[in-house]
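Please find below a note on the model under review. The points follow the structure as displayed.

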Amino acid sequence: MDEREPNESPRPAAGIDRIIHEPARYLIMATLYVVESADFLFLERQTGLTKGNLSSHLAKLEAAGYVQILKEFIQKKPHTMLALTEDGRKAFDAYRQGMKRMLNVQEP
Amino acid sequence: MMEDKDIQAMEKKVFRATVNDGLADMRAGFILSLFAIAPLLSPTLGDFWSSAVWLPLYLAFDILLRLIKQRAVMPRMGTVRFGPARKARIRRTMMILLAANLVSFIAGLVFFLKFNKGFRPSVWTVSAGLALSLMVVFTAAGLMLQLNRFFIYGIGTAIATLAGEWLFQTGLASHHGYPAAFGLSSIVLIGIGVVVLMNFLHHHPVRTEGKDHGRA
């Protein structure tokens, strides 16, 4: 009997980046993928996520090295610019390719 | 999972979100007002000054639109910088707009010089030329801004130009129908712009970056 956890399967799904696979993070990555950079407010508007939710997902993406966060003050107000890193772009491309492969494999 | 076309659609959606604030509609409407006002002022101020007096008004309107963008729209929308593909697309469309304006200007100049030498083309030729120029300019603007309603503006103003000429021919409007056609077009475009802007402001309350995002 196979005692592996479902997400430890050796099938194509195993190659899928679980950091990006979460829907909110995927949306953040996709939005940042199509622009050069965006600020926190713009991302909040586009994704529809709450500030806290967006912050925590961004922290995970930053920890993974996918997102670069630049903090600055504009007229004494905090301003955060966000951009995908080179690794982030590569990871997003790889994720899309991986998903495409997986869906092709699973087609009857 | 996103295909390439979905990525393109996503980029288009994100870009459109940054320009769909009604300000472009208002700007286009104000530019059209020149065609409505100049013919009315022409008998008293002459051809040059009837157009020239409009320029300071446009400058004031331009400053007002920039202030609205900076003070009301940006704090609600946020800031975004687009990639090289989008910048190249904007540059290409700007070139089309510039070329269309240049061709119209040269055509106008040639017409003016020939007119002074006794050349009298059909009024419908002039109206059709202007209608075509407006369609090209609005189409280019629609492509650049990815706003489909600009294509409708192009068709609408082209029809208005011809309708104005028809009203003039039937004695129902003055000055080849320009004040009526372009005055109405101008009011409609500025009105749509105001509605879009109000809608945007209503649905996007001001948000500032708070403590939560500081963790990011």
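How many residues does the contact take from chain B and from chain A?

1. The contact takes 34 residues from chain B and 34 residues from chain A, where contact means heavy atoms within 4.5 Å. This is a predicted model, in which local features need pLDDT of at least 70, side-chain atom pairs count only at pLDDT 80 or more, and totals for chains, interfaces and linings use all residues. Residues are numbered from 1 along each chain as its sequence is written, chains are lettered from A and ligands numbered from 1 in the order in which they are written, and side-chain values use heavy atoms, with hydrogens and water left out.

2. The size of an interface is often given as the accessible area lost when the parts come together. Here chain B and chain A bury about 3000 Å² between them, and 57% of that area is on carbon and sulfur atoms. Buried area is the accessible area (1.4 Å probe) that two parts lose on being put together, summed over both.

3. The rule finds one salt bridge across the interface of chain B and chain A; the term denotes a side-chain nitrogen of Lys or Arg within 4 Å of a carboxyl oxygen of Asp or Glu. The side chains of B:Lys87 and A:Glu36 form this bridge, at 3.5 Å from N to O. On the side of chain B that touches chain A, at least two residues each come from α1 (4-19), α3 (54-77), β1 (80-82) and α4 (84-116) of chain B. Of these, α1(B) gives the most, with eight residues. By class, that side of chain B has 14 nonpolar, nine polar and eleven charged residues; Ala, Val, Leu, Ile, Met, Phe, Trp, Tyr, Cys and Pro count as nonpolar, Asp, Glu, Lys and Arg as charged, and the others, Gly among them, as polar.

4. Over all chains, a search of the whole structure finds seven salt bridges. Because A:Glu36 lies in strand β1 of chain A and B:Lys87 in helix α4 of chain B, their pair joins two chains.

5. Strand β1 (residues 35-39) of chain A is also joined to β1(B) by three bridges, and the two run antiparallel. B:Phe82 in β1(B) is the bridge partner of A:Val35. Strands pair if DSSP finds at least two bridges between them.

6. Within chain A, eight bridges join strand β2 (residues 67-74) to strand β3 (residues 77-84), again antiparallel. A:Glu72 has A:His79 in β3(A) as its bridge partner. The hairpin of β2(A) and β3(A) has two residues between the strands, and A:Gln75 takes a positive phi near 50 degrees there.

7. Chain B has seven helices and one strand, in the order α-α-α-β-α-α-α-α from the N terminus on. Helices (H or I, at least four residues) and strands (E, at least two) are DSSP runs, numbered from the N terminus. The C-alpha trace of chain B spans about 75 × 35 × 25 Å along its principal axes.

8. The whole structure holds 14 aromatic pairs over all chains. Rings of Phe, Tyr and Trp (its six-membered ring) pair if their centres lie within 6.5 Å; planes under 30 degrees apart count as stacked, over 60 as edge-to-face and the rest as tilted. The ring centres of B:Phe30 and B:Tyr58 are 6.2 Å apart and their planes are at 35 degrees, so the pair is tilted.
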